[in-house]
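The questions and answers that follow are meant for someone meeting this structure for the first time. Please keep the sequence and the 3D view at hand while reading.

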Amino acid sequence: MSHNTFGHLFRVTTWGESHGPALGAVVDGCPPRIGLTEAGIQHWLDRRKPGQSRFTTQRREPDQVKFLSGVMPGAEPGAWITTGTPISLMIENVDQRSKDYSEIRSSYRPGHADYTYDAKYGIRDHRGGGRSSARETAARVAAGGVARAVIPGVTIRGALVQIGKHRIDRDRWDWNTVDDNPFFSPDPGIVPVWEDYLDGIRKAGSSIGAVIEVVAAGVPAGWGAPIYGKLDQDIAGGMMSINAVKAVEIGAGFGAAELRGEENADEMRMGPDGKPVFLSNHAGGILGGISTGAPIVVRFAVKPTSSILTPRRSIDAEGHEVDVSTKGRHDPCVGIRAVPIGEAMLACILADHYLRHRGQVGS
Ligand SMILES: Cc1cc2nc3c(=O)[nH]c(=O)nc-3n(C[C@H](O)[C@H](O)[C@H](O)COP(=O)(O)O)c2cc1C
């Protein structure tokens with residue numbers, strides 16, 4: 001199975017399975033002499049870690065990251081410095097329960113990748129879904145921690161903006177509240193609504209979809225490329241590569257279809273520092289595939305978790321009709337833990353485009 005690598009100059013390969021001994025990422029192309037710490041990378045992994053509230057899977061994984069290569073000790077204890085060689089990051093799996101998955105050894109969970117993996121490879125790791133498990137995304141989050149260090153002037157933040165039909169009130173958006181609730185919500189007012197709603201979903205053995213928004217501030221004008229290397233194209237591809245993502249929008253996204261030209265085009269003025277200012281940001285910070293200097297705004301929708309307790313009609317590998325219900329530990333809404341994953345993907349794509357920009361036109 002190939003296609004485990006993304007990026008051109010900041011190139012990330014992930015490896016490992018949900019129920020293997022470990023998984024990880026190899027980051028090739030990271031520039032030399034960049035300071036990193038395991039604690040710094042761990043910070044991002046801790047935000048994605050399972051079992052942090054009753055609203056995420058109760059799998060207990062410490063997700064402790066280790067550098068295996070590509071760094072040497074820096075000046076301070078715990079500090080590392082990149083050498084320019086491949087950085088290998090490893091995370092051990094410690095809380096596998098393979099027997100939870102024995103019932104889906106030969107049956108296909110509707111909505112999951114069981115059938116397509118079997119159709120393609122003729123073999124699949126039923127223990128947690130193998131490579132199709134979102135355990136793989138821990139490796140991307142670790143790589144995202146390295147990417148952030150490559151572009152220190154860029155601030156990348158994500159938030160959950162919708163669960164089921166319950167949307168945040170955007171007028172109450174406060175980034176400072178995102179880490180103070182179990183949902184990464186920027187609107188404290190929606191938190192009790194989401195709590196009640198998700199408790200109901202969870203107790204019913206069901207699941208629900210969500211929308212995540214990720215914003216990168218501090219990207220200067222000029223990153224990206226026209227035609228086949230568009231920044232928005234790579235961001236959309238990166239977000240779509242996350243498990244369960246079914247739609248991606250940049251800026252006004254699908255909403256742009258309802259706008260008139262004079263509403264949608266972001267008008268420009270000169271700012272006090274001599275740089276252009278956009279009076280709105282329907283473009284989501286990208287025009288012609290190239291960053292405008294305004295914040296890059298991307299949203300993506302995740303579908304409801306497919307492995308649920310409620311029995312669903314399916315078939316098994318021999319073609320028998322069966323009912324499938326999944327007894328393993330699952331997120332009732334994968335959108336919560338998708339927030340740090342979306343941030344990491346945006347960080348990796350932007351680090352790659354920063355290096356590509358520097359390679360073509362200098363810094
Ligand atoms: C953070 C996260 C956790 C997930 N956990 C589960 C899970 O517990 N059970 C499940 O059926 N799907 C889960 N998924 C989604 C599946 O991995 C995904 O639906 C599956 O690989 C099929 O791929 P696709 O939905 O992208 O087509 C999760 C996704 C994310 C982002």
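This is a predicted model: local features need pLDDT of at least 70, side-chain atom pairs count only at pLDDT 80 or more; totals for chains, interfaces and linings use all residues.

**A guided reading**

Q: Is Ser69 buried, partly exposed or exposed?
A: A residue counts as buried under 20% relative accessible area and as exposed over 50%, with partly exposed in between. Because the relative accessibility of Ser69 is 28%, the class that applies to Ser69 is partly exposed.

Q: What distance separates the C-alpha atoms of Thr37 and Phe67?
A: Thr37 has its place in strand β4, which covers residues 35-37, and with a relative accessibility of 32% Thr37 counts as partly exposed. Beyond the residues up to four places away in sequence, Thr37 touches Phe67, Gly78, Ala79 and Trp80. Thr37 and Phe67 are 30 residues apart along the chain, and their C-alpha atoms are separated by 9.2 Å.

Q: Why is the pair of Phe55 and Phe183 tilted?
A: The structure holds 7 aromatic pairs. In the pair formed by Phe55 and Phe183, the ring centres are 4.9 Å apart and the planes stand at 35°. Planes under 30 degrees apart would count as stacked and planes over 60 as edge-to-face, so the pair is tilted because of its plane angle of 35°.

Q: How many residues apart are Phe55 and Phe183?
A: Phe55 sits in the loop between α1 (38-48) and β5 (65-69), whereas Phe183 sits in the loop between β10 (166-167) and α4 (191-203). Both Phe55 and Phe183 are buried. The pair links distant parts of the chain, with a separation in residues of 128.

Q: At what angle do the ring planes of Tyr108 and Tyr115 stand?
A: Tyr108 counts as buried at 9% relative accessibility, whereas Tyr115 counts as partly exposed at 47%. The centres of their rings are 5.4 Å apart, and the pair is edge-to-face because the planes stand at 70°.

Q: Which residues does Thr137 touch, not counting residues up to four places away in sequence?
A: Thr137 lies in helix α3, which covers residues 137-150, and Thr137 counts as buried with a relative accessibility of 1%. Setting aside residues up to four places away in sequence, the residues that Thr137 touches are Arg48, Asn243 and Ile341.

Q: With the side chain of which residue does the side chain of Arg140 make a polar contact?
A: Arg140 has its place in helix α3 and is buried, with a relative accessible area of 8%. Among the residues that Arg140 touches, not counting those up to four places away in sequence, are Thr14, Ser241, Asn243 and Cys348. The polar contact, at 3.0 Å, joins the side chain of Arg140 to the side chain of Ser241.

Q: What is the relative accessible area of Ile227?
A: Ile227 has its place in the loop between β11 (210-217) and α5 (231-240), and its phi is near 60°, a positive value in a residue other than glycine. Ile227 is exposed, because its relative accessible area is 59%.

Q: Near what value is the phi of Ala244?
A: Ala244 is found in the loop between α5 and β12 (245-250), and at 24% relative accessibility Ala244 counts as partly exposed. Its phi is a positive value in a residue other than glycine, and lies near 80°.

How values were computed: Residues are numbered from 1 along each chain as its sequence is written. Side-chain values use heavy atoms; hydrogens and water are left out. Helices (H or I, at least four residues) and strands (E, at least two) are DSSP runs, numbered from the N terminus. Buried means under 20% relative accessible area, exposed over 50%, partly exposed in between (1.4 Å probe, protein chains only). Contact means heavy atoms within 4.5 Å. Rings of Phe, Tyr and Trp (its six-membered ring) pair if their centres lie within 6.5 Å; planes under 30 degrees apart count as stacked, over 60 as edge-to-face and the rest as tilted. A polar contact is a pair of N or O atoms within 3.5 Å; within protein, one must be able to donate a hydrogen and the other to accept it, and residues adjacent in sequence count only if both atoms are side-chain atoms.
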